[in-house]
Amino acid sequence: MIDFTFTEEQEMFRKAAREIAETKIAPKIAEMEETGEVSEDVVKALAEGEMMAITIPEEYGGLGLGYTARMIAVEEISRVSVAAGMMLQVFALGIEPIVKFGTEDLKKKYLPGLASGKRLATTAVTEATGGSDPTGIRSSYKKDGDDFILNGRKCFITNSHIADRITVLAKDEENPKAFCAFVLDKDMAGWKATHKEHKVGMRGCNTGELAFENCRIPATQLLGEEGKGLRVTMAAIGDVGRGGMVGVALGLQAACLEESIKFANERILYGKPIAALQTIQNKLADMKIDLEAGSLLAYRAAAMQDEGQRSSNEFAVAKYYTTEACQRAAKMAVDIHGGYGCMEEYAVSRYLRDSYVVGPSAGTSDIMKVIVGRWVLS
């Protein structure tokens with residue numbers, strides 16, 4: 001018999017994450033929506049709740065709870081704030097290369113501060129010439145003694161202006177088939193965060209550009225083997241980045257369903273709640289079916305990951321399904337709310353905007369289909 005229940009520890013963790021979301025994050029949503037900035041209070045709440053420490057091993061100050069717990073946390077946070085959920089999921093993406101490919105010295109140097117939430121992380125791969133196809137990036141490095149000299153620009157980087165530790169992918173200036181992944185400190189000379197993006201949704205989540213100009217990186221900051229950095233970053237994106245976006249999408253779906261049920265029971269039309277109308281019930285049923293199916297796909301992949309199995313293909317399936325489903329759910333939620341769904345004081349208008357940012361993050365739906373298609377043919 002397959003057991004689909006969470007452990008007692010995981011259920012306790014879900015309750016803790018939900019409490020943080022509802023008591024600490026929810027009161028900051030209006031401010032984040034208005035300013036478009038990350039709330040320091042939200043980051044502090046996540047840090048104090050040990051949400052940053054989930055996948056970091058205990059010997060480095062983390063909780064070592066694994067990827068199912070991380071999925072739970074991201075889902076619960078995103079149920080209240082997709083922006084906060086996105087920030088948290090990309091933080092985990094930023095630390096994964098250090099956990100999996102960092103030397104012991106790098107782990108001891110960086111992971112305790114990241115586990116405490118006193119330091120934030122991200123990963124910088126995407127460029128104007130290389131996103132879905134990372135081999136198309138132009139950021140390059142060259143060797144200079146024991147150091148690497150990095151030049152280039154990165155775009156659409158989540159946590160770009162708030163991260164203290166950044167994993168960067170670049171290609172060899174002389175060999176375009178060789179890549180290196182480095183971990184950079186915020187205080188290293190030669191790089192800076194430049195332009196901030198103003199997104200249609202996720203307004204409380206920082207996204208922007210990074211510029212590197214003759215940035216000198218000691219060889220000790222290399223992640224994995226020289227020339228094989230593509231494996232470092234793509235392994236993190238395939239399992240952790242896409243897995244995190246699945247959690248974000250699930251949280252958004254749950255929020256859409258909950259708000260729609262509440263409104264449908266309160267809105268009176270033709271002398272009775274609109275929840276009594278079959279057309280409304282059909283929409284709620286579609287949202288619930290999508291959420292249940294997406295949850296099974298998501299937590300199956302996370303369980304495989306916790307067991308040490310390769311799960312990138314399963315996450316591609318889950319990522320496609322849940323991010324498409326969250327857009328359907330947001331559209332139906334707005335439809336159920338009618339004219340009220342177009343008013344900013346109703347959360348569903350934010351959900352609709354957020355849903356369109358969830359889609360392309362960590363790989364578009366079209367790219368997920370390419371991955372699944374190759375998996376099928378293999």
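Which helix gives the most to the lining of the largest cavity? That would be α5, with four residues. What you have here is a predicted model, where local features need pLDDT of at least 70, side-chain atom pairs count only at pLDDT 80 or more, and totals for chains, interfaces and linings use all residues. Residues are numbered from 1 along each chain as its sequence is written, and side-chain values use heavy atoms, with hydrogens and water left out.

**Cavities overall**
- Rolling a probe the size of a water molecule over the atoms shows where empty space is left.
- The structure holds three cavities of 30 Å³ or more. A cavity is a set of points, on a 1 Å grid over the protein atoms alone, where a 1.4 Å probe fits but cannot get out; lining residues have an atom within 4 Å of a point.
- Grid points are joined across faces, edges and corners, and a volume is the space filled by probe spheres set on the points.

**The largest cavity**
- Its volume comes to about 60 Å³.
- Among the lining residues are Met-51, Met-52, Ile-54 and Thr-55, along with Arg-70, Leu-88 and Phe-91.
- Both α4 (67–80) and α5 (82–101) supply at least two residues of this lining; helices here are DSSP runs (H or I, at least four residues), strands are too (E, at least two), and both are numbered from the N terminus.
- By type, the lining splits into nine nonpolar residues, one polar and one charged. Nonpolar covers Ala, Val, Leu, Ile, Met, Phe, Trp, Tyr, Cys and Pro, charged covers Asp, Glu, Lys and Arg, and the others, Gly among them, are polar.

**The second largest cavity**
- This one holds about 50 Å³ of space.
- Its lining includes Ile-29, Met-32 and Glu-33, plus Gly-204, Arg-350 and Asp-354.
- At least two lining residues come from each of α2 (29–35), α5 and α10 (347–358), and α2 gives the most, with three.

- Most residues other than glycine have a negative phi.
- Asn-159 has a positive phi of about 70° though it is not a glycine, and you'll find Asn-159 in the loop between β3 (147–158) and β4 (165–172). At 1% relative accessibility, Asn-159 counts as buried (under 20% relative accessible area, with exposed over 50% and partly exposed in between; 1.4 Å probe, protein chains only).
- Ala-362, also not a glycine, has a positive phi of about 65°. Ala-362 sits in the loop between α10 and α11 (365–377) and is partly exposed, with a relative accessible area of 26%.

Technical notes
1 Å grid on protein atoms, 1.4 Å probe; cavity = no way out; pocket = protein on both sides within 12 Å on 5 of 7 lines; lining within 4 Å.
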